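Dear colleague,

I am handing over the structure below, together with some notes on what was found in it. Please read them with the sequence and the model open beside you.

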Amino acid sequence: MDDSRLFTPFVPAGASDAPIHHATVPARARKIVSWNLLRRTGAAVENVVALIEQEAPDILLMQEATRGISAIRERVGGAYAWAPLPGRIHGLAIWSRVPWAHPPAVVVLPSGALVHRVCQVLDLGDFGIANVHLSHGQVLNRRQLRCIERSLPKRAAVLGDYNIVGPALLPGFRDVGPRAPTHAMVDVLPLRLDRCLVRGLTCHDRGVLPRGPSDHRPIVVHLAPSDDDGARERRMVQRVRGMAAAVGRLRRAGARAGRAP
């Protein structure tokens, strides 16, 4: 085996993307890694297995995965689903450490003239995940994001290779992924193409990993449902109860005034 093809140990991408001390990550948070494998000339099964063994993610999202990547199940177990792009040898893949209740759904996206695109949507129960490899067109890929949003639950994350330059412009979502570049165009211009946008979730940790044999660096995030929605609902209930109590007091005061001689 060529050791140079194996995944190398974690190296923080910079101060802003250095991993937070794991004591601050709640137990309910899911560790999710996303990596564009660069189809046949990039990461092989051995590299993906090494990444899983090193990082121990709950979920691994892959882009440009070929049919042969399914062999990771024989090496590390878990659940696996592959969704090839129409007419291509590669596509999207999701690996999960534990079995899922339902396999990922495949959503057909608005497509460009050359490549037809799909995305995978996995329901984790407490939130959903979309695995994406968007088009290069800067108007089209944002249209694809809006299409994906319609297939997501209230709490959701969209991870993968966005191929987007600049903000994603997806209403209701926050970009919580690492800010370090994840891809170098022609090994010269660094770009942050691999991203994580969330709605109703909190990112407790994030980082960028070495790229290994691919032309993309994997990103890693720790996500958990936010408490903001629950707190907002509790405050609303308290307001409604307070208003009801105030109305009751006014009615009782009016009734007593009506009985007075």
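A residue is called buried here when its relative accessible area is under 20%, exposed when that value is over 50%, and partly exposed in between. Please keep in mind throughout that this is a predicted model.

Leaving aside residues up to four places away in sequence, His133 touches Asn36, Gln63, Glu64, Leu92, Arg117, Asp161 and Asn163. With one of these residues, Asp161, there is also a polar contact from side chain to side chain, at 3.3 Å.

In one of them, the side chains of Arg30 and Asp126 meet at 3.2 Å, N to O. Because Arg30 lies in strand E1 (residues 30–36) while Asp126 sits in the loop between strand E6 (118–123) and E7, this pair ties together parts that are 96 residues apart in sequence. Both ends are partly exposed, Arg30 with a relative accessibility of 22% and Asp126 with a relative accessible area of 31%.

Another salt bridge joins Lys31 and Glu55, whose closest N and O atoms are 3.1 Å apart. This pair, too, links distant parts of the chain, since Lys31 belongs to strand E1 and Glu55 to helix H1 (residues 45–55), 24 residues apart. Here the two residues are buried, Lys31 with a relative accessible area of 13% and Glu55 with one of 10%.

The remaining pair to mention is Asp175 with Arg179, where the closest N and O atoms are 3.5 Å apart. Salt bridges that share partners join these two residues and Arg192 into one network. Asp175 is partly exposed, with a relative accessible area of 23%, and Arg179, at 40% relative accessibility, is partly exposed as well.

Finally, a word on one pair of strands. Strand E3 (residues 79–84) pairs with strand E4 (residues 90–96) in the antiparallel sense, over 6 bridges, and within this pairing Trp82 has Ala93 of E4 as its bridge partner. The hairpin that E3 and E4 form has 5 residues between the strands, and in this hairpin Gly87 takes a positive phi near 75°.

Technical notes. Residues are numbered from 1 along each chain as its sequence is written. This is a predicted model: local features need pLDDT of at least 70, side-chain atom pairs count only at pLDDT 80 or more; totals for chains, interfaces and linings use all residues. Side-chain values use heavy atoms; hydrogens and water are left out. A polar contact is a pair of N or O atoms within 3.5 Å; within protein, one must be able to donate a hydrogen and the other to accept it, and residues adjacent in sequence count only if both atoms are side-chain atoms. Contact means heavy atoms within 4.5 Å. Two strands pair if DSSP finds at least two bridges between them. Helices (H or I, at least four residues) and strands (E, at least two) are DSSP runs, numbered from the N terminus. A salt bridge is a side-chain nitrogen of Lys or Arg within 4 Å of a carboxyl oxygen of Asp or Glu. Buried means under 20% relative accessible area, exposed over 50%, partly exposed in between (1.4 Å probe, protein chains only).
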